[in-house]
Amino acid sequence: MADVAIPRAKPQMSEDNAWTRLKHNRNWLGFWFMVPAMAFLIFFLAYPLGLGIWLSFTDTRIGRVGHFIATENYEWLWDDSIFWLSVFNTLLYTFIASAFKFAIGLYLALLLNEHMPFKAMLRAMVLIPFIVPTVLSALAFWWIFDSQFSIISWSLRHLGLISQNINFLGDTTWARICVIFANVWRGVPFVAITLLAGLQTVSPSLYEAATLDGATRWQNFRYITYPLLTPIIAVVMTFSVLFTFTDFQLIWAMTRGGPVNATHLMATLSYQRAIIAGQLGEGAAISSAMIPFLLAAIMVSWFGLQRRKWQQGESND
Amino acid sequence: MTDLPASKVDLKSVLSSPSRVDHSEGMSYLQSVPRRIVTLYLPLAIIVFILLFPFYWMALTSVKPDEQLLDLDKYNPFWTWNPTFKHFHKLLFESYYPHWLWNTMYVAICATVLSIVASVFAAYAIVRLRYKGANLVGGLIFLAYLVPPSILFIPLATVVYQYGLFDSPLALILTYPTILIPFSTWLLMGYFKTIPFELEECALIDGASRWQILVKIVVPLAIPGLISAFIFCFTLCWNEFIYALTFLQSTSNKTVPVAIVNEFVDGDIYRWGSLMAGALAGSLPLVILYAFFVEHYVSAMTGAVKE
C-alpha cells in the first residue's frame, strides 16, 4: 500500500519545541493518538494477563496476599479429577458445538443467499438470538428444559413418543446435550450472517458459467463457493472456537456446572474456585491452563490461512 | 508477522449490499416450485422456528397467569386467553429493575463512548499516520481481541479491588473498553481505509493540521462506521456477564443480566413468570435498537471479521 501521509517539506523552524514536533512529526503524533487506546489495553488487559499468570504461581486467597509457591497449584490440579473432567467437558463442548455451528451456519447462509420474498426481514430475524443477552436466552432455555414443566417433554408425551418427562438438566448426558444445543442456537446466527456476507461477494457469473459447463449443485458448492469462502470461514471459526472454549455465561445461567460437574467448563470451574471458594491462586491456574489451548486454536487458523495464501500465489501483503 | 487474516472482500461492497436492490432472479428459474419448497422453504422454516421459539416461549410465559404456567394438562400450553401483566408489574414496581436498567445503560453508554473515542484516534493513527511500527501495533490490537474475559476476570478482580473500584459502576466502565477497543479499532481501520486519502492530501496542502483533518474530514465521513461500532459495542456491553458478576456485589448496583440471574432465581415454584418477564424486559431494549439499525449492526459484525 502506498504511503499515505504526505511527508511535508521540512518547515524552516528555528525553535524545535514540543508543540511543533507534535504537529509535524508523524511518529510523535501517532504515539499521542495511540495513548488512550493503549492505556486501556495495557492497564486492563496486558497487565492483568501477566498478573493472572503470576497469581497462578501463588497461594493468594480473597483478602490475603499470596506467597510464591512455584507450581504447586498446577501439581494440585494435575491430580484433581474434577479439573480433568472440566478439561474434557470444555473440549467436548467446543468441538461438538463448533462443528454444528459451522455446518448449520453454512447451510443457513446458503439458504438465505437464495432469491426469495421477504429476504431482508428473514435475515434480520435470524440474527435476533445473537442480539439478546446470552444469559437471558439461557434462562429461557432453562425454563424450556425444566424437569417438570418442559414444553418439549410435554409435546413429546402428547405425540406418544415418550411416556415420562425427560430430566433434561438433571441427567449428565442430557445436560451436556442441552447446553451444547443452547450454545449452537446462540452461535448459528453469527456464523450464518458473516458467511452470508462472504457469499454475497461471490460473482453469480461463476455459477452460471459452471452450470453451463454441466456442473451439479454440489460441484458448484465444492469447487466455487467453498474455496472462495475459505478465508472468511477460517476467521469466523477461529472466533467461534475461541468464544465457545471460554464460554461462561451460558453454563452459569443454565446448570452452574451441574449435574455432578458434567457441564463444568474450565471457565466456570475457575470462577467457582476463585470467586466463590476464594482460592484466587488456584482459579488463576485453571484459567491460565486455557491459554495453551487458545494459542493452539489461533495457530491452527493462522497457519491455515497462510497456507491458503501461498497456494493462491498471493503476496503476503 | 504483522499481516492479518485479510480476505479479498472489501468492506465497501458489504456496506452497500443492503441498499443494492437485487432484481436478478439468479438461477432460481432452473428449479421447479415443489423442489424449492423442499430444498429451501421447508429447512428455512424449521431453522427460523427453532431460532425464534425461545422468544415466543419467553413472551408467552411472562404474560401467563401462574396457575396456567404449571398446569399443562388443563390449559393449552401454547396459548393463553387471559394474559396478565402481574409479572411485569412485580418486575417494575417491586424490584430494583429500573435501577438495574439505569445501571446497564449508564455503564454501556460510558464504556462505549470511551472506547469509540480511543478507537477513532488509534485507528486513524494506524491507518493514516502510519507511524513507525503501526502494522505491528495493529496486529497486537487484533491479538487483544482474542483474549477472552474468562481468562482475565480473576486478576482484574484483584486490580479492581486494589484501586478501590469494587462494587462501583466505574469498575465496569474501565474494564469493558478492553473488550470494545480492539473490536472497534479494527472496524474503524477498515472504514477509514475506504475514505479516499486524496481528500486528506488536499486538506494538508491547504494547511490543515492532522487534528483538523480528523475532526472535520475523516470523522464526518466515517459516521456510518461510527454508528455501526457504537451499536455493536453497546450490545456487547449489555451482553457482558462475567465482569459484572465478579465486580459488583450490592443488589442495587447490578446490571440487568446479572441481576435477573441472581435475584430472581429462588426456590419459588411460581418464579417462572417473573423470571421470563425479567428476561424479556432485559432483551427488549436491545431488540428495539437492533430493529432500527439492522444494517449497521450487520456491517459491524461482518466488517470486524473481514478486516
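Chain B has 16 helices and zero strands, where helices (H or I, at least four residues) and strands (E, at least two) are DSSP runs, numbered from the N terminus. The model is predicted, so local features need pLDDT of at least 70 and side-chain atom pairs count only at pLDDT 80 or more, while totals for chains, interfaces and linings use all residues. Residues are numbered from 1 along each chain as its sequence is written, and chains are lettered from A and ligands numbered from 1 in the order in which they are written.

Of the 307 residues of chain B, 46% count as buried. A residue is buried if 20 or more other C-beta atoms lie within 10 Å of its own, exposed if 12 or fewer, and partly exposed in between, with C-beta atoms placed from the backbone. Contacts, defined by C-beta atoms placed from the backbone that lie within 7 Å, can also be sorted by sequence separation. Among those in chain B between residues at least 6 apart in sequence, 82% join residues at least 24 apart.

The domain assignment divides chain B into domain 1 (27–84) and domain 2 (91–306); such bounds come from an automatic or database domain assignment. Taken over C-alpha atoms, the centres of domain 1 and domain 2 of chain B are separated by 33 Å. Their contact takes eight residues from domain 1 of chain B and eight residues from domain 2 of chain B. On the domain 1 side, H2 and helix H3 (66–70) of chain B are the elements that give two or more residues. The largest share of that side, four residues, comes from H2(B). By class, the domain 1 side has four nonpolar, two polar and two charged residues. Here Ala, Val, Leu, Ile, Met, Phe, Trp, Tyr, Cys and Pro count as nonpolar, Asp, Glu, Lys and Arg as charged, and the others, Gly among them, as polar.

Between the chains, 88 residues of chain B are in contact with 88 residues of chain A. Helix H2 (residues 33–63) of chain B gives the most to the chain B side, with 13 residues. That side has 61 nonpolar, 19 polar and eight charged residues.

A nonpolar core is a set of buried Ala, Val, Leu, Ile, Met, Phe, Trp, Tyr and Cys residues joined through C-beta atoms within 7 Å. Of the 164 residues in the largest one, A:Leu139, A:Ala192, A:Leu195, A:Met254 and B:Tyr124 touch the most other members. Helix H5 (residues 97–129) of chain B supplies the largest share of this core, 16 residues. Not counting residues up to four places away in sequence, A:Ala192 touches A:Gly105, A:Leu108, A:Ala109, A:Leu112 and A:Val126.

Conventions
Two residues are in contact if their C-beta atoms, placed from the backbone, lie within 7 Å.
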